[in-house]
Amino acid sequence: MADDGDGPPPAGTAPTRPRPAGSRRLSAERVGEIYTSVIALLIESSYDGLTMDGIAARSHVSKATLYRQWQSKVDLVVEALHHDNPGPTRINTGSLRGDLLVMTEVLGDVAPTDAPLLAGLAHASHLDPDLGAALRHRLFSPFYDTLRDILDQAVTRGELVPDTAALEFGPLAFLAMMPGRALFEGIQVTPDYLAGFVDHILLPALTSVQPVATG
């Protein structure tokens, strides 16, 4: 497990040790306040600069309390991000375009700090495989799986041909729009921008006649 940046957890609160029986859990409101502190510190100092000591000081709790509730910095950061972006529920408007337009609202309704924050986390993930695996499982997979489900529903309804080559690339192309535009153009995506991507790029690719392979 990667070092949290401020030494090991206090004695008796090792990350792999289960929470002692009878120890008091933090209230949902208090947990939410800690998550808010984590997001604010991530924006201010990046993941590399974030420490459990810093989180404890900003949240006005002891580091031992943090380690009783979360196993590591990775665990706390990922749960804070998931709390802030829990992912969409199942989408089924009855049409492929309708479903994709719902996703434009979900992905386009983000804070201005979200894209640079995710870009910083992507860099940190290269250095910390545990962080990368946790982010993919807890934060990114719900969005990817929802998009995959949308395309599968369209195949079931007969809107898409099952062997359409673009089906493989659709979810990733959609999700790449937010960090991609922030990185290359310095602009946040909006629902309208994503709707244009859906109508002019994604839907035509999904519904076009497939090119014939040549030898």
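This is a predicted model: local features need pLDDT of at least 70, side-chain atom pairs count only at pLDDT 80 or more; totals for chains, interfaces and linings use all residues.

User: Where in α8 is the kink?

Analyst: The kink is at methionine 177, and the bend there is about 40°. Beyond α8 comes glycine 186, with a positive phi near 70°.

User: Which residues of α8 are called buried?

Analyst: Buried means under 20% relative accessible area. In α8 that label goes to Gly170, Pro171, Phe174, Met177, Met178 and Arg181.

User: How many aromatic pairs does a search of the whole structure find?

Analyst: Two.

User: What makes the pair of phenylalanine 174 and phenylalanine 197 stacked or edge-to-face?

Analyst: Ring centres must lie within 6.5 Å, and planes over 60 degrees apart count as edge-to-face. Here the centres are 5.9 Å apart and the planes stand at 80°, so the pair is edge-to-face. Phenylalanine 174 sits in α8 and phenylalanine 197 in helix α9, so the pair ties together parts 23 residues apart in sequence. Both phenylalanine 174 and phenylalanine 197 are buried.

User: What is the space in the largest pocket, and which residues are closest to its centre?

Analyst: The largest pocket holds about 900 Å³. Of its 35 lining residues, the closest to the centre are Leu118, Phe140, Leu175, Met178 and Pro179. By class, the lining has 24 nonpolar, six polar and five charged residues. Helix α7 gives the most, with nine residues.

Key. Residues are numbered from 1 along each chain as its sequence is written. Side-chain values use heavy atoms; hydrogens and water are left out. The bend at a residue is the angle between axes fitted to the seven residues ending there and the seven starting there. Helices (H or I, at least four residues) and strands (E, at least two) are DSSP runs, numbered from the N terminus. Buried means under 20% relative accessible area, exposed over 50%, partly exposed in between (1.4 Å probe, protein chains only). On a 1 Å grid over the protein atoms alone, a cavity is a set of points where a 1.4 Å probe fits but cannot get out, and a pocket is an open set with protein on both sides within 12 Å along at least five of seven lines; lining residues have an atom within 4 Å of a point. Grid points are joined across faces, edges and corners, and a volume is the space filled by probe spheres set on the points. Ala, Val, Leu, Ile, Met, Phe, Trp, Tyr, Cys and Pro count as nonpolar, Asp, Glu, Lys and Arg as charged, and the others, Gly among them, as polar. Rings of Phe, Tyr and Trp (its six-membered ring) pair if their centres lie within 6.5 Å; planes under 30 degrees apart count as stacked, over 60 as edge-to-face and the rest as tilted.
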